[in-house]
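These are my notebook entries on a structure that I had not examined before. I set down each look-up in turn.

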Amino acid sequence: MRKQYWFIILTYIIMQFSAVIGIPLLFKFGYAGGQPTKENLLHAQGLWSVISFIACLIVVLLILRTVPKTTLRNEKKDSVGLSILWAIAGFFIALFSQGIAGSIEYYVFGIGRESENTKAILDVIQAVPLMIIVSSIIGPILEEIIFRKIIFGALYEKTNFFIAGLISSIIFGIVHADLTHLLLYTAMGFTFAFLYARTKRIWVPIFAHVMMNTFVVIMQLEPVQKYLEQQSTQMQLIIGGLLS
């Protein structure tokens, strides 16, 4: 693995643990309210996430600029047009794989469909709306660079797609700190790894990942949930009227 990639991984790890220092600093300088109440803590988490993720992305992109341009296994990239089609299709493939994995978790293992990781992110978004940029755009970009371009790429050079995809996807799931839904995250990781291996363009899984996260977050927001419930109630009334 290139030394630049190790620096990128180290930057990502530092960012993940930076809240230990960053959040107390926000309280100390008065950017998170007075006392560390639940609301103030959520605000501090969101604010520090925005700061740290943006800083991390800038550093990672600067380091990537020093890496020689190569493709996965030095194979030819798909054309831009075909890659765009795969990026769009990748969003729907990701939705499908998430649905299959979620159903297996629910019906086979009895695991609830709610994700603690997703719920925690939504709570922070409610406190700091700007956090949606982190969860929907910056986070997916960093994760695809770390887990697909670097970890999957390095393993794929030495092994095969299944081994590289499995190991990188399990690590991807563990980092999300929601082991109950490890199967779901592993399925997602395989999907994005497939898109990268198929097109040899990292922006393809990045696009699919961004669209996936954006869709999930929007569908979980309270106003959207209320709207869907209203539409569902109206449809039931209409169907009931037709059958009566």
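Is R73 buried, partly exposed or exposed? I found R73 partly exposed, at 30% relative accessibility; buried means under 20% relative accessible area, exposed over 50%, and partly exposed in between, with a 1.4 Å probe and protein chains only.

I note that this is a predicted model, in which local features need pLDDT of at least 70 and side-chain atom pairs count only at pLDDT 80 or more, while totals for chains, interfaces and linings use all residues. Residues are numbered from 1 along each chain as its sequence is written, and side-chain values use heavy atoms, with hydrogens and water left out.

**Entry: backbone angles.** I looked up phi for R73 and found a positive value near 55°, in a residue other than glycine. R73 sits in the loop between α3 and α4 (80–107); helices are DSSP runs of H or I, at least four residues, numbered from the N terminus. A177 is not a glycine either, and has a positive phi of about 55°. I located A177 in the loop between α7 (161–175) and α8 (182–199). A177 is exposed, with a relative accessible area of 67%. For context, most residues other than glycine have a negative phi.

**Entry: salt bridges.** I found four salt bridges in the structure, a salt bridge being a side-chain nitrogen of Lys or Arg within 4 Å of a carboxyl oxygen of Asp or Glu. One of them joins D78 and R198, at 2.6 Å from N to O. Because D78 lies in the loop between α3 and α4 and R198 in helix α8, the pair ties together parts that are 120 residues apart in sequence. D78 is buried at 12% relative accessibility, and R198 is partly exposed at 32%.

I then looked up R148 and E144, whose closest N and O atoms are 2.7 Å apart in a salt bridge. The two are four residues apart in helix α6, so about one helical turn separates them. R148 is buried at 0% relative accessibility, and E144 is buried at 0% as well.

Another salt bridge links D123 with K119, the closest N and O atoms being 3.5 Å apart. D123 and K119 are also four residues apart, in helix α5 (residues 116–127). I recorded D123 as partly exposed at 33% relative accessibility and K119 as partly exposed at 42%.
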